[in-house]
Amino acid sequence: HLHPTHPLALAPVAAPPSTVDGFVREFLLNLNSGRGVTLSNASATDKYFALAHTVRDYLMARWLEDLRRQREVQDKGVAYLSAEYLLGRQLDNNLLASGLSEIAEEALAACGIDLDVLRQQEVEPGLGNGGLGRLAACFIDSLATMGVPNVGYGIRYEYGIFRQTFVDGQQAEQPDAWLSLGSPWEFAHPEGAQTIAFGGHTETYDDEGVPRSRWIPAWNVQAVPYNYMVPGYQNGRVNTLRLWSAVATNSFDLRVFNSGDYEEAVRAQTYAENISKVLYPEDSTPQGKELRLQQQYFFVAASIRDVFDVMLPADFELTNLPERIIFQLNDTHPVIAVPEFMRVLVDEKKMDWDAAWAVTQQCFAYTCHTLLPEALEVWPVELLGRLLPRHLEIIYRINEDFLVAVREKFGDDEMRIRDMSIIGEHPVRSVRMAYLATVAGAKVNGVAELHSQLLRDKVLPDFNEFYPGKFINVTNGVTPRRFVRLSNPSLSGLITDALGTGWVTDLERLRELEAYAEDPEFRTQFAEVKAANKRLLSDVLRERDGFEVSDGHMLDVMVKRLHEYKRQMLKVLHIVTTYEGIISGRVAVGDVQPRTFIFGAKAAPGYVMAKRIIHLINAVGSVVNNDPRVEGKLKVLFPPNYNVTLAERVIPAADLSEQISLAGKEASGTGNMKFALNGALTIGTDDGANVEIRELVGDDNFFLFGMSEPEVESLWAKGYKPSSFYNADSGLRRSLDLIAAGAFSGGDRSMFEPIVSNLLYDDRFMVLADYSAYIGAQAKVDAAYADQDAWTRSAILNVARCGYFSSDRSMRDYIERIWHTAPSF
Ligand code: CRA
């Protein structure tokens, strides 16, 4: 027998040899023993699973070794708490990270298999809504690539973001059963399940002379961890993403079983398992549903217990926690972790309140991702107290102590006390989660310079005054591995030919491309890359949606969630204006730059206005695309179900990136960064990270338009009258009138009337106010695009100057300004 301390038992089994033969052997082994098939009778699914398992086998030794070393050295680690991880497909990323892409391709070819066919088999894990979830995925990629110990904690939703289809131009939602064939990337550990309790009541008791509180919960569920590898880019490091799945506890069933009520027992099971059933599909507009709070508590309670029971040694000195762990709160969704952490320290570990609070304030940091007041989560006290009675008590105590300190600093300014209280009174008594996070967090950060400044000055000014130095900025970033190296292999090849390979982990090196922008030969190659990417996109859209992309068109792209603040309607008005100009004969067809407008956008299923706008985009598309007068000139394509996989095809092909939110509303944006890094020029407002993109690429290489944030504020203060803009601009009048007259609804004037009325009478996002500036900027875009060589030069400069937007840089900023962790080993 192999004794557990025998070297062979301690060390992981070595990876298979990194050769084509070694890969073929491992792949066939996985087909045979993993899938129970031979190569000759294997389905595409079998082959995909065997391939994925083969990649895992190569990464496994490194993963096990990293886990072992982290247990041994106990360096400070980051627990990233996020309700969303929008991962995208894993196969290609993991092949790239392990340096196996070429070997795998050859090995499969030797087996008569096209790697590309297997890539297509993967259903992407869509466990997020948009930017926030994709950001979390970029961050854990960067941390692994930088060798920083990190566990990403989240929820293993059985159904991710819904699959979008269009029925008569209107959005329909289908469940995203991404796990129906299973996932080859996950490792279930049901034996490591944690019990997570809910409900019940609290009581005080005498603990050998010390009065204490305890929670007597009413029911519980099991949180089963599923581990996913997060491999660093070709650095031999593998971090862990741990997602929790809810299952019913035995005791839960037994109680009901004993009562003989079998049906009730099954119902109870379903109730428990509902917790991780489905991702809430609202982006930036939470619905305040009880199940959502259950989800939030479920995953953070399991994660905190994981840290105490699995990561830390049993005898760990709790006052040293800040040297060992930092919990980063990805928006307010995981903020219930704060009172849970306090409950564990005070009630379970019997720490004294003040000591526990001092530790907590060093172990948490909070990232705010929004400026929309409706996105700042608030939980009614009634609901929170019913679901988590002890946590509500703890929140009250935190608030009491906090308000005492506020009085000490600001005096008995009752107005200010009411404004700063963690408990809001209107319209119902509620817990303001952003305030709780701000009070608890060592640092609070916004996600772009402008956003962080507005957070300090407009959203939380009292807190900024009370906690000088707590509010900081960390501008978002995106991973160059997925969003350049993988999604744009042609551009990557061109860059590598010029600069060597180092840029993939040191994106500021793209600066060296500035010189190449002046080289006509390089510009030609760069233009060829863009053209090739357009052809690739064209193939994908033909295959996927039956669309045709015409050669020689400018690709003008707006892909992001459908939200009024992002102003897809401004884009629609531009299209209608251009179309109306041509068909009315006012504009000569020859004067218009041929363009294909590409949209991608999901609307929250309950967001009626957003769904109407989707309907209108499709309606405008079907009129424009079928009108011979604009044939070959204008085209509108709206492929359904925009997701990470489609983004990876669309972004490298784009010429023009639409970032046209009302200034002061888009916290950062991250799509904007991906486009610029892939050589699209931006037309955008001074909002979010657009500001920083423009500063870096220069005004000559960016189409700025529209009101600035202070101008927006002053127009609001003056009173925004959309009709004055309508009356002042004949192009705007004609366009809106065309929509209102039913030109895109077969003469039906009622179909899009709510959109038109909204813009004219009730628009918080001031679409009409920025219309003429937008149309003016689009005219400049047309003129600039006419000079292809100059456009290409600008595009190269965009790539060269956007290295700052690597998520590696974001992570370095978090490490230096917030976490104070370092790469280990
Ligand atoms: N909806 C912001 O709106 C930002 C991302 C990531 C968002 C984006 O401007 O780029 O976060 N906010 O920081 C959000 O989810 C709850 O707030 C987003 O993705």
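**Entry 1: Ala223**

I count a residue as buried if 20 or more other C-beta atoms lie within 10 Å of its own. I looked up Ala223 in this predicted model and found 26 C-beta neighbours inside 10 Å, so Ala223 counts as buried. Its place is in strand S11, which covers residues 219-231. Setting aside neighbours within four places in sequence, I get contacts from Ala223 to Ala193, Gln194, Ile196, Trp244, Ala246, Phe298 and Ala302. I also checked Ala223 against Ala109: they are 114 residues apart in sequence, and their C-alpha atoms sit 42 Å apart in space.

**Entry 2: Phe298 and the core**

Phe298 turned up among the contacts of Ala223, and I followed it. Leaving out residues up to four places away in sequence, Phe298 touches Ile196, Val221, Ala223, Trp244, Ala246 and Ile275. Which residues touch the most other members of the largest nonpolar core? I got Phe298, Ala337, Leu436, Val620 and Val650, out of 235 residues in that core. Helix H7 (residues 131-146) gives the most to this core, with 10 residues. As general background, nonpolar side chains in soluble globular proteins tend to be buried together.

**Entry 3: helix H17**

Leu436 from the core list is also one of the buried residues of H17. Is helix H17 (residues 433-440) mostly covered or mostly uncovered? I find it mostly covered, with eight of its eight residues buried. The buried set runs Met433, Ala434, Tyr435, Leu436, Ala437, Thr438, Val439 and Ala440.

I went through the backbone angles next. The peptide bond from His426 to Pro427 is cis, and I read its omega as near -5°. Pro427 is in the loop between strand S16 (423-424) and strand S17 (430-432).

Gln74 is not a glycine, yet it has a positive phi of about 55°. I located Gln74 in the loop between helix H3 (44-73) and strand S1 (77-81). I count 16 C-beta neighbours inside 10 Å for Gln74, so it is partly exposed.

His820 likewise has a positive phi, about 55°, without being a glycine. His820 lies in the segment after helix H35 (807-819). With 14 other C-beta atoms within 10 Å, His820 comes out as partly exposed.

**Entry 4: domains and ligand**

How many residues surround the ligand? I get 18, and the closest are Gly131, Leu132, His369, Thr370 and Ser668. Sorted by class, the shell around the ligand holds five nonpolar, 10 polar and three charged residues. Domain 2 and domain 3 both give residues to that shell, so the ligand lies between them.

**Entry 5: the whole chain**

I finished with the overall numbers. The chain has 35 helices and 25 strands. Its radius of gyration is 28 Å, close to the 28 Å that the globule rule gives for 825 residues, so I note the chain as being as compact as a globular protein of that length. Along the principal axes, the C-alpha atoms fill a box of roughly 90 × 75 × 60 Å. Of the 825 residues, 49% count as buried. Taking contacts between residues at least 6 apart in sequence, I see that 76% join residues at least 24 apart.

Technical notes
Residues numbered from 1 in each chain as written. Predicted model: local features only at pLDDT ≥ 70, side-chain atom pairs only at ≥ 80, totals over all residues. Near = placed C-beta within 6 Å. Nonpolar A, V, L, I, M, F, W, Y, C, P; charged D, E, K, R; others polar. Domains from an automatic or database assignment. Helix = DSSP H or I, 4+ residues; strand = E, 2+ residues; numbered from the N terminus. Rg over C-alpha atoms; globule rule 2.2 N^0.38 Å. Buried ≥ 20, exposed ≤ 12 C-beta atoms within 10 Å, placed from the backbone. Contact = placed C-beta atoms within 7 Å. Core = buried A, V, L, I, M, F, W, Y, C linked by C-beta atoms within 7 Å.
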